[in-house]
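Trainee: Could you walk me through this model before I plan anything around it? I'd like to ask things as they come up.

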Amino acid sequence: MDTEGTYDARGTRAGQVPRPAGPPPMPSLPPATGPSLTEWLRTPRPEAEPGVWRYGYVPRPAEEPERIPDRQLVTGALISFLTALLVWSLCWNGYIGFWMDPLFWVIPDDWYLDVTEPPVAYAVVTNLYYVLFAGLLAMIFGRVGRWAELGRRWLLPLFRGVRPAAPQPGAVTGPAVDPAEWPELRGARQAAVADRLAEEVRSGRMNDVDLVRIRRAWQSVQADPSRLDAFTGAVLRQGAAACTHPSGARDLPVRAARHDLFVRQVRIGAADGSERNPYARRGTAVALDPALLGTSLLAVGPPGAGKTGHLVRPVVESLALQAIAGQAAVIAVGAVGAQLGPDDAYDVVVKLGDPASAYDLDLYGGTTDPDEAAAMLAEAFIGDLPDVDSRRAATALAQLLGPFRAAHGRFPSVPELRELLDGVPAALATLREALDGGGHYSLQRELDARARQSGAPGDPGVLLADRVALLDRPAFTGFFDTGGHARPFSLRSLEHPLRVRIDLPERGHAEASRMLARLVLAQFTASAAARGDRSLFACLVLDDASHALTAETVRGIQRLRSANAGAVLTLRTLDDVPEGLRTAVLGAVGCRMAFSGVTTWDGKRFAEAWGTEWVETRDVTSRTVFADQPLTRAVHAFRKLVTGKAVTTDAITVRKVERERWSASDLAHAVPVGHAVLSLTTVRGEHAAPLLVDLRG
């Protein structure tokens, strides 16, 4: 991260945001009910399994301790108490006479033999012995009757609201070194800088984004020591406002989710407390971070299941905060009105089809290579047609894009590309004259080859022209400009910490929107892998990827893991993916999410992807015991009163069987509303088994 914040936030000179004249405005303070920044920093974040919200996390035991039924616990405690009271009464009234013998063994004989006037010491020692004996009875019968368990289950919850909770066993204590004092700077002999930042933390002038951003800047200084003077000077002058994002933003206008920027996590829900989840994960908060999103995530659920509100919006918000802190670049793509955040939360907002849009979209992805541009356009235009070879389409486009760029120094606009694909004689003649005028005689052969193939069986030119015609509409007038008259956004700028939102006009131009979604996805997979600087995590969030996945983009998603990039894709159903790619797309992503309401057909695909596991089953055959003797019947009746169960003999058969983690029927019918089943994989290969997640928890 540039310590002076002089990098281009949009990747193009025309789109550069000017730095404000004065210091950026102070972001709004967190709610008074939340922790202060110092408390937030000092809260432990222990290492945990993938997907665990680490902020204040306390590990749970792997196995559930055996729980005694409430009726049996209360009855046992009551019987043991009455038994202890009976023993005390028998001892006190002399029916058990030897209970005082231990006392008589240790005191002088004249103390208890002189009954007329016993010494005071005898009275004191005797009363103390009574207390010790009563305590011994309480300890013995309390252990038998499980009084401690009864107190923890029934009495402790009554006092939790009054007394501060004691540290739980296994809880992780706070860090030995106070992170609010910036020990990493003090260790590098930058005490003055550390003191200034520590004062900013204590005074409340620094927020979590500032802290993470400055930590990121210090890491860049450690990688390049020549930036040390600029870093120290900026911090000593500006304090928490040092090294800001070029937009001047230090926070988002509004936050809809809970974030922990210290470990780059966003909380999306909590693991359900039912038996479908492992005991160690029940009730624990679930979070996502770049280590998980780097394997890409596919979420499937019907409309209204909460994909946008419970998944897409929190992820986009988290990545936008990380972009402000200089850690990530995010491209959010959705329909107009998809509730992906206000315009002020983004650096670039491309509203395709809206004349008021301040930015345009580069149709060619910022590349200057005609073959690469042709490949991306071919995926966008005909990638959803299984009967058309995208390689032949890319060849047809390259035969036109190469000569045109050589002749004019730019790629053709949408109307010009449409004319060339339609084979308009005037457009082709003009292009040939420009080639001859520039001395590009060899490129005439490309046009000759295109002319020979045009109209031949299987030629994709006609289909390409029809698809380009979807963009050559009045609503898109002024967009996809290549003449330098607009401010195009290019996905080649992923090396900068960008916050970009692209609005697609699905309502009036559904087919064109799907085609543009395929184009953005193809450009992202190509640009993310081609970055020279991969220090920033780049993520594409595609809200509703219906008909956007092709064979080539699925292969591109697989390559994102090694490029420090990832994609978040949502679908209404897997039927929106070509049948031959449904298994491939589930295998290409590392994180899979099935929302409530998926069909059994979609559930079957997820069940196959999640596989099976070995589980231990216990088959119990119970037979009621009937007593013949009156005394035995009385004992059985008393036992039934205590346990609440009839006396039986059980025959238990234990065996291991292989079962699906989640069956198609369970995914379709057993996932409650507002829940989802989520499996996670990190870029290091760590796995988390499918969990039932309460997205409202």
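**Helices, rings and confidence**

Mentor: Let me begin with G94, which follows helix 2 and has a positive phi, near 85°. Helices (H or I, at least four residues) and strands (E, at least two) are DSSP runs numbered from the N terminus. Residues are numbered from 1 along each chain as its sequence is written. This is a predicted model, where local features need pLDDT of at least 70, side-chain atom pairs count only at pLDDT 80 or more, and totals for chains, interfaces and linings use all residues, while side-chain values use heavy atoms, with hydrogens and water left out.

Trainee: What span should helix 2 have at 1.5 Å a residue?

Mentor: Its 23 residues, 70-92, should span 33 Å, and the end C-alpha atoms are 33 Å apart, which agrees; the expected span is 1.5 Å times one less than the number of residues.

Trainee: And which residues of helix 2 are buried?

Mentor: They are L73, T75, A77, S80, A84 and C91, where buried means under 20% relative accessible area, exposed over 50% and partly exposed in between (1.4 Å probe, protein chains only).

Trainee: OK, what about helix 17, which helices do its buried residues pack against?

Mentor: The buried residues of helix 17 (residues 444-453) are Q444, L447, A449 and R450, and they pack against helix 14 (390-408), helix 16 (425-438) and helix 18 (461-469). A449 has a relative accessible area of 11%, and its C-alpha atom is separated by 7.6 Å from that of Q399, 50 residues apart along the chain. Helix 17 is followed by G455, whose phi is positive, near 85°.

Trainee: Changing topic, how many aromatic pairs are there?

Mentor: The structure holds 16 aromatic pairs. In F479 and F480 the ring centres are 6.4 Å apart and the planes meet at 55°, so that pair is tilted; rings of Phe, Tyr and Trp (its six-membered ring) pair if their centres lie within 6.5 Å, with planes under 30 degrees apart counted as stacked, over 60 as edge-to-face and the rest as tilted. Both F479 and F480 are buried, and elsewhere W88, W92, W99, Y129, Y130 and F133 form one aromatic cluster.

Trainee: Where does the charged end of R276 sit?

Mentor: It sits over the ring of W662, 3.8 Å from the centre, and the charged end of R45 sits over the ring of W40, 4.9 Å from its centre. The criterion is NZ of Lys or CZ of Arg within 6 Å of the ring centre and within 35 degrees of the ring normal.

Trainee: Is S679 buried or exposed?

Mentor: S679, in strand 15 (residues 675-681), counts as buried at 4% relative accessibility. Its side chain is joined to that of W610 by a polar contact of 2.6 Å.

Trainee: Last one: where is confidence lowest in the protein chain?

Mentor: It is lowest in helix 4 (residues 109-113), at a mean pLDDT of 68, and highest in strand 4 (residues 297-300), at 97; pLDDT is the predictor's confidence in each residue, from 0 to 100. Over residues 1-33 the pLDDT is below 50, although this stretch has 69 contacts in the model beyond near neighbours in sequence, a contact being heavy atoms within 4.5 Å. Residues 162-173 are also below 50, with six such contacts. Where pLDDT is low, the predicted coordinates should not be read in detail.

How values were computed: A polar contact is a pair of N or O atoms within 3.5 Å; within protein, one must be able to donate a hydrogen and the other to accept it, and residues adjacent in sequence count only if both atoms are side-chain atoms.
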